[in-house]
Amino acid sequence: MALHVPKAPGFAQMLKDGAMHLSGLEEAVYRNIGACKQFSDTVKTAYGPNGMNKIVINHIDKIFITNDAATIVKELDIEHPAAKIIVFASEMQEQEVGDGTNFVIIFAGALLEQAEHLLKMGLTPVEVCEGFQVALEKTLELLPTLTCHEIKDIKNNAEQVVLTQAVKSSIMSKQYGQEQFITDLVLKACTSILPEKTTFNVDNVRVCKILGSNLYNSTVVNGMVFKRTNEGDITKQTDAKIAVYTCPIDITTTETKGTVLIKSAEELQNFSRGEEMVLEEQIKAIADAGVTVIVAGGKFGDMALHYLNKYKIMGVRLMSKFDLRRLCKSVSATALPRLTPPNKEELGYADCVYVDELGDTSLVVFRLDGKDSRMSTIVVRGATDNYMDDIERAIDDGVNTFKGISRDGKLLPGAGAIEMELAYQVGLYADTLPGLEQYGAKRFAIALEGFVKILADNTGVKSNETLAELYSQHSKGNKNAGFNIEPKGSSLIDVTKAGIFDSYLAKFWGLQYATQAACTILKVDQIIMAKRAGGPKAPGGRAPDNDDDA
């Protein structure tokens, strides 16, 4: 008879063998706080222009060298449930604003670190959360009053200097030293496709990475660039009329299977000639409609290429259906499912379609020089794939900042000035609170100070001295005093004169997401983990991305 070992009484008795149950301050709350602190400490050193890079190797052994928190979080498969909540908050920030993910992770970690001190003093998690919420409400109330500039019309030339400085500030944290060149590329790409009435769409600025040369040979093309070569002999068409097909350009096969009985050589000749004549008629009809470029999602048959060359039509094959959609949007064409001649509404237009070569990479360029361009492509050059990936992430941040400013043009002082001013004002406000919330509000202010400390530590300056100097400036009413990362001169700087700005939206949402994540984690008093399901593991790999080639 098998020996039956009775389970310990209590909650564990209800769970299967192998399940985990943690409860109380020591087991659940402090353990969660410890995990989140370690996670935020990991990305702290990557914060600011002098932030260090991380080498991240993901589950399929792809190497990333970056200081972009969004990429680090995305590629690390974090399992800890509390740390995952901070990851979700940072992903939400990435979707909402497109920048400031590092801010969310660090601030949430700093709030939890401060909460730990309060819990050890004897406050309950609910009282700590109430203090944080009161401080957050005060912060969001103060934020609009601290704006140092507002861009009302993004197309106005007078606003261009401030717009450049705002975009440059966000790019500087990723590519310190090359920020001016990348900012010029981003602004050129964004302003060339800025719509008259509708909102700016980030997806309309594409990046094409070509190995070789260096960053300063990167250019902006109005239109689209594909790393493909042409089909057939025609390599250039000016004032091109473009027909886009999702089907192969070849002899069409019948939809149903059938058998053709051929009794003589003459019938065989007529049969093959008939197929050729049908294909020639189709391509001649397309040429008569004025088409000079055919773009297809399927293959080009040899016979079809012969007729394309005969009627002086350029052929381009795009493997990805997403690229076909973007091209249709760019040249204002309609994708046709069958090889039929397009009407005027279905035709696309480009000033020039040509084959080019950069390094040893063949390109097909669809260029639109006028104001009709709906897409622009930044052609990035660089020595390694990792370097170009990092440049692409910097461009992505710049484009998202541009989009944020087009939605809400309010700008805040950067370089830690806004965090210090909020910390100073929230600290004063906390002293006026009568209840236990004042402790939470004070710790909220201390968490905000942490950003200046991190900037100073990453630059190699004594953080406590810098913090004291900044506090003294802000207490005198100098709201725009920030930290100077340049090695020469004073460690303090007037950020409005230096042109270092932060996006209002990035701070507005970042403060909310970080505080919500911290309060969610603090209100957890039990962790119950069921036994993992048996059997083979679910297939690895991420969900297919819209940008992946089909």
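## A short briefing

Let's start with one side chain: Ile-65 has 32% relative accessibility, so it counts as partly exposed, since that label covers values between the 20% and 50% cut-offs. Keep in mind that this is a predicted model.

- Ile-65 sits in strand β3.
- Two or more residues of the patch come from each of β2 (54-57) and β3 (63-66).

**A three-stranded open sheet**

- What order do the strands take in this open sheet? They run β4-β15-β18, and the pairing is antiparallel.
- β4 (149-150) and β18 (501-503) are the edge strands, each with a single partner, so one side of each has no neighbour in the sheet.
- Two bridges hold the antiparallel pairing of β4 with β15 (residues 410-413).
- If you'd like a spot to look at, Glu-150 has Lys-410 of β15 as its bridge partner.

**β12 and its two partners**

- Strand β12 (residues 348-358) runs antiparallel to strand β8 (residues 236-245), and six bridges join them.
- For that pair, look for Ala-240, whose bridge partner in β12 is Ala-350.
- β12 also runs antiparallel to strand β13 (residues 361-367), this time with seven bridges.
- Here Glu-357 has Ser-362 of β13 as its bridge partner.
- β12 and β13 make a hairpin with two residues between the strands, and in this hairpin Gly-359 takes a positive phi near 65°.

**Helix α7**

- Helix α7 covers residues 179-192, which makes 14 residues.
- From first C-alpha to last, α7 reaches 20 Å, close to the 20 Å expected at 1.5 Å a residue.
- Which residues of α7 are buried? They are Glu-179, Ile-182, Thr-183, Leu-185, Val-186, Leu-187, Ala-189 and Cys-190.
- As background for reading that list, an α-helix has 3.6 residues a turn, so residues three or four places apart point the same way.
- What do the buried residues of α7 pack against? Their helix partners are α6 (160-172) and α11 (385-407), and on the strand side they meet β5 (205-211), β6 (219-226) and β14 (376-382).

Terms used. Residues numbered from 1 in each chain as written. Predicted model: local features only at pLDDT ≥ 70, side-chain atom pairs only at ≥ 80, totals over all residues. Heavy atoms only, no water. Helix = DSSP H or I, 4+ residues; strand = E, 2+ residues; numbered from the N terminus. Expected span 1.5 Å × (residues − 1). Buried < 20%, exposed > 50% of the residue type's maximum accessible area, 1.4 Å probe, protein only. Contact = heavy atoms within 4.5 Å. Pairing = 2+ DSSP bridges.
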